[in-house]
Protein chains: 2
Amino acid sequence: VARQLKVVRENKQSLPGVKIPQEIVISSSFEQIVSGKDLIVIAVPSHVARSVGKKVNRFEGLDNIILVSVTKGIENRTLLRISQVLLETINWLDEAKLAVLSGPSHAEEVSRKIPTAVVVASRNHKTAELVQKVFMSPEFRVYTSDDVIGVELGGSLKNIIAIAAGICDGAGFGDNTKAALQPRGLAEIVRLGVKMGANPLTFAGLSGMGDLIVTCMSQYSRNRYVGEQIGKGRKLEEVLNEMVMVAEGVRTTRSAHQLSKKYGVEMPITGEVYKILFQGKDPKAAVYDLMSRDAKPESWG
Amino acid sequence: VARQLKVVRENKQSLPGVKIPQEIVISSSFEQIVSGKDLIVIAVPSHVARSVGKKVNRFEGLDNIILVSVTKGIENRTLLRISQVLLETINWLDEAKLAVLSGPSHAEEVSRKIPTAVVVASRNHKTAELVQKVFMSPEFRVYTSDDVIGVELGGSLKNIIAIAAGICDGAGFGDNTKAALQPRGLAEIVRLGVKMGANPLTFAGLSGMGDLIVTCMSQYSRNRYVGEQIGKGRKLEEVLNEMVMVAEGVRTTRSAHQLSKKYGVEMPITGEVYKILFQGKDPKAAVYDLMSRDAKPESWG
């Protein structure tokens, strides 16, 4: 892929029509990518974060480097956030040098300079400010946060709700249904997030509600697309096999389902998506099951 | 209109294709509508709520009636919520008999039994529960709340953000831009709402975030439509003149702009929409002005 990108300067599969600027050096050599850098962005699917972390760990003299993770997901089995996976695998990394960047930022639009706003979170405020300065532009607005857990969980868990939104689309439900789903979905994200140490207000911001909205609504959302195909009655395996890019939400549903049990948190939408994806439950029946839960006061958190 | 509806049993202008069931009695006589009823729903544009309230006030013997307002808006000049207008104009009405119903519920979908969820709020929990029982069905899920102010403000103020979202659409911005706008918009709604006595958590629910999302995104949203036309460079007066139904957000922008000054609350999106609608500001310039405000930590409330 790297060889081809160097020649063509365009990723025809994942970002067709966008020329990669000459300033960007393309390489598949970890040595070349990592050595002598001030800041590294790790943008890999969640299920390879551990192996990439181990490779990065082999390099010495990186004590002053800042590492930014943009991966969305929660590792299956370990149930760790991706920044935790990186901290576990990279010996020289500590929380002060680590940041996570997240928010409603489909690459199809960012690459075309369509106005976009995101959040960068680090336990070290100076690190967050440095990353903010690096990425800020008139079309790309970066807010800082100290809530790594909240920003990372929001970006990850919203993909489950996006699958549910896609299921609504595919099964022929409407805008009202999807709009009802999103605050209920955010509420269960908040419930789990708070138990895991996040600040609940983070989920009301760009990396929570903002990213949730774009992922539930956008034509560019892969997770919504997967849900839509499932909602139309197709099989998960068949849908995933024909996709070039990764729909993180499928794996995240497994992890979140386990986390909801581990922390004793009620997550009805996640539960229904789990049943649809992995236990063959009928999508329409799942939506009606969600709708017909006991009538009660609206509650948050 | 009533005469025609009785014959045709369909509102061809505002809800084409939906037959009005025979159980529904159509009348333009206040006497017939109001007398002998247990529950009245007031569903009129905000700018006629006062005159309708005065007409309802003429009828006697309504001491045990429940009144449900579904009107979205804030009265210009007085800056009162619509339930306040009704309390002011209807002598026999008190807060215990009053409820407001709001949430993501475009009539185009509710009338076709597409799953929808809303909130009914009353200061009197029994009143809220009664309205919940009356409206609840397998496709129409009703949650209760005691936060009349929050539910009413959420339903009203979200129309301003929907106009802003439409402006983004019309001016050629993207999903990322609209997704960034919505949490920032909700944040300024929360700031004002809290000053006016609302529970901030109400805005995270169906009548806040849920209704905001559907109004910013749906093809059925009249407020988003107005924004889209403005974003394309058309004049407000021209757009409003050709619309059959009322886009409440235009009037609400005036009221909210005044409220933000009255309560000393920063509402940058409302301010820009106000400048675009009433002071001829260029829509694209307004979006970039919002994007280029000082870089800062993401904050909520």
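Q: Why is helix H7 of chain A called oblique to helix H10 of chain A?
A: In this predicted model, the axes of H7 (residues 148-170) and H10 (residues 222-231) of chain A come within 6 Å and cross at roughly 40°. Axes are lines fitted to C-alpha atoms, for helices over the stretch in contact, with angles from 0 to 180 degrees between N-to-C directions. Under 35 degrees counts as roughly parallel, over 145 as roughly antiparallel, 65 to 115 as roughly perpendicular and the rest as oblique, so H7(A) is oblique to H10(A). Helices here are DSSP runs (H or I, at least four residues; strands are E, at least two), numbered from the N terminus.

Q: Which residues of H7(A) and H10(A) meet?
A: With contact meaning heavy atoms within 4.5 Å, Asn159(A), Ala162(A), Ile163(A), Gly166(A), Ile167(A), Asp169(A) and Gly170(A) in H7(A) meet Asn223(A), Arg224(A), Gly227(A), Glu228(A), Ile230(A) and Gly231(A) in H10(A). They divide into four nonpolar, six polar and three charged.

Q: What makes H7(B) roughly parallel to H9(B)?
A: The axes of H7 (residues 148-170) and H9 (residues 206-217) of chain B come within 8 Å and cross at roughly 30°. That angle makes H7(B) roughly parallel to H9(B). Residues making the contact include Val151(B) and Ala165(B) of H7(B), and Leu212(B) and Cys216(B) of H9(B).

Q: What makes the pair Arg50(A) and Glu75(A) a salt bridge?
A: The rule asks for a side-chain nitrogen of Lys or Arg within 4 Å of a carboxyl oxygen of Asp or Glu, and here the N to O distance is 2.9 Å. Arg50(A) lies in helix H3 (residues 49-57) of chain A, while Glu75(A) is in the loop between strand S2 (66-69) and helix H4 (82-89), 25 residues apart. Over all chains the count comes to 34 salt bridges.

Q: What conventions apply to the numbering and values?
A: Residues are numbered from 1 along each chain as its sequence is written, and chains are lettered from A and ligands numbered from 1 in the order written. Local features need pLDDT of at least 70, side-chain atom pairs count only at pLDDT 80 or more, totals for chains, interfaces and linings use all residues, and side-chain values use heavy atoms, leaving out hydrogens and water.

Conventions:
Nonpolar A, V, L, I, M, F, W, Y, C, P; charged D, E, K, R; others polar.
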